[in-house]
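Here's a walk through one structure, taken a stop at a time. Have the sequence and the 3D view open and follow along.

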Amino acid sequence: MLRKICLLLLYWLCGSAVAGTPLQAPDPHSFANYKQVRSRHLVLNLAVDFTRQKLTGYVEHQLERADPAVQRLVLDTRHLKITAVTASNDGVHWQNTPYLLGITDNLKGQPLTIQLQPATQAVRVYYQTTPQASGLQWLTADQTSEKKQPFLFSQSQPIHARSWLPLQDTPANRVTYQAEIQTLPELLAVMSADNSANTKRDGLYHFDMPQPVPSYLIALAVGDLHFKAMSADTGVYAEKIWLDKASIEFADTQKMMDAANRLFGQYPWKRYDLLVLPSSFPFGGMENPRLSFVTPTIITGDKSLISLVAHELAHSWSGNLVTNASWNDVWLNEGFTNYVENRIMQQVYGQSRADMELLLNVQALRERIRQLPSADTRLQPDFTGRDPDDAFHQVPYVKGQLLLNTLAQHFGQQKFDEFLRRYFAKFAFQSIDSSAFIEFFSAELNQQQSFSEASLAQWLYQPGLSGEILLPTSDTFRRISAGQQQWLRGETSLSLLATNQWSVHEWLHFIEQLPRQLSPQQLNELEMAFSLSQSSNAEIFTAWAKLVIPLNHPQIIQPLRQFLLSVGRQKFIVPLYTELKANPQWRSWAAQVYREARPGYHPLAQQQLDRLGL
Ligand code: BES
Ligand code: ZN
């Protein structure tokens, strides 16, 4: 009898005939049937257990049922332990309801299918996270900067939210949310929501996010965090060690926000704060709304890397307000953001710095295009069946940016920015794909079709970079290249290159323009003059190390080991290990360093580096 019921239940849960409408999952990276039943508000209730390194609690989904005939809700999960599911018709009375955790798909994880009654309005899923959660990094006290308290942070983009809460994990849907987070009383929890600087520090924290956000923007961090205001609407959260330095480094955030407000419309998210994470954070920054997460490697003392703040702030419009509906359209998030970022940098720091940053981006794009399979150099790749983590590279970022630059040159900067401002207003709090952009562009900017359909199609659908791209010229960069050539020809000494005024951009240009073959004498000369192996700027250090690893430059070894053991940002460590692996003389040394460093890396970085097979 019991067996019969189970079989029936299974049939109901997996079959499509019973429910009337077939399951629908238009986002290739999600199981969610959000077009039929939409989760529109979440209530998260979680305890953060640092001893067992897990989150325990429940998430409540308040539902909107577009198709009342549909009798099940499908959520995304990965490596979660589900303990119970209850359902309610009134939000007051809750009853157990049948559910099934489906078969694991390597990319998407496991669908959680929950039975709904016709009147079900909300469900609660009780669960625990497991050590495999790809979206969480648990740090012990000695893996933090201050080494006193443990730390936890989430990284949900693109599809890691499902590893720490069961939900419709697709950027096509948006939710508002509330949360109650319980943790050690010494610690502070913050979220991509209404953090308040005056919260009582008692281990129990409440959050409210009244603006609808896609799942990948739900974020949580817990640690020995403190707050420092930078202006009325901006501030920094960080471990104490970083607090003053960070607030000085990021002091221009308000100016950036003012510039963006002028250009692209009023900042829509109330406050804008930055959270400085431990150095294992695998990215430069993550645009979690109201509270961007950033790596401490941009705190250099000279504001040289704060275009990253401009970038994450820019996402407040491109990405967080107008969102790519699936990860095939990631250029709508990242390409637009690179464009907005560069406009902000231009306004706040001037044309010449913005131009240098653009040129460095283009240089990186060209290098990347050489390495990628041609199909992946299109702005709109098809990531069905592939890991969307791999969709984020220079092509959507910089090729996307160059398309928008090209349009701005064609229509005029001011007219184009006004168009973008209308675009952000029109699609605010919506998720769109490229065709929505194209339609809006045709109707609102290109009515006369002065920008040919053929060139737009070329940009969007053809691989590589073709056609005419108008790039700025940088006199500074030209001077540096000329001086470098003279040195290489033996016509001048390094001390005669006026490097004492060089910014990071100039150093990066100098290093990236150096020939890949340098003699030990030349390396020594560079080292004597500039101590590049000792650079405390992670961008400069990495550019230099990438150049000299293949040349067996002995002076890089100690600092490189130190760097790899203390920094977890993938942009740096993946290329460095890649170069190390390619050098037969250093490979086993690198494998040893990796073994030592690996426990401190984020699960995503571990996965990337494991794939390298050192
Ligand atoms: N949204 C990204 C971070 C991200 C990338 C999350 C890939 C998930 C997968 C963020 O806005 C970003 O682009 N960060 C860059 C910095 C930026 C200045 C190019 C980074 O982390 O390096
Ligand atoms: Zn970005």
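Helices (H or I, at least four residues) and strands (E, at least two) are DSSP runs, numbered from the N terminus. With that in hand, let's start at histidine 79, in the loop between strand S3 (72-77) and strand S4 (80-88). Before going further, a word on the ground rules: this is a predicted model, where local features need pLDDT of at least 70 and side-chain atom pairs count only at pLDDT 80 or more, while totals for chains, interfaces and linings use all residues. Residues are numbered from 1 along each chain as its sequence is written, chains are lettered from A and ligands numbered from 1 in the order in which they are written, and side-chain values use heavy atoms, with hydrogens and water left out.

Back to histidine 79: its phi is near 55°, a positive value in a residue other than glycine. At 36% relative accessibility, histidine 79 counts as partly exposed; buried means under 20% relative accessible area, exposed over 50%, and partly exposed in between (1.4 Å probe, protein chains only). Phenylalanine 429 also has a positive phi, near 60°. You'll find phenylalanine 429 in the loop between helix H8 (413-426) and strand S21 (430-432), and at 27% it is partly exposed.

Proline 158 belongs to the loop between strand S10 (151-154) and strand S11 (174-182).

Now for the metal. Which residues hold the zinc ion (ligand 2)? His311 (NE2), His315 (NE2) and Glu334 (OE) coordinate it, at 1.9 to 2.1 Å. Donors here are N, O and S atoms within 2.8 Å of the metal (3.2 Å for Na, K and Ca), and because water is not among the atoms, sites may look incomplete. Along the chain, the zinc donors follow the spacing H-x3-H-x18-E. Histidine 311 is buried at 9% relative accessibility, and histidine 315 is buried at 0%.

Histidine 311 also leads us to ligand 1: an N or O atom in its side chain is 3.1 Å from an oxygen atom of that ligand. That's a polar contact, meaning a pair of N or O atoms within 3.5 Å; within protein, one must be able to donate a hydrogen and the other to accept it, and residues adjacent in sequence count only if both atoms are side-chain atoms.

One last stop is threonine 323, in strand S20 (residues 322-324). Threonine 323 is buried, with a relative accessible area of 1%, and a polar atom of its side chain lies 2.5 Å from the backbone oxygen of glycine 319.
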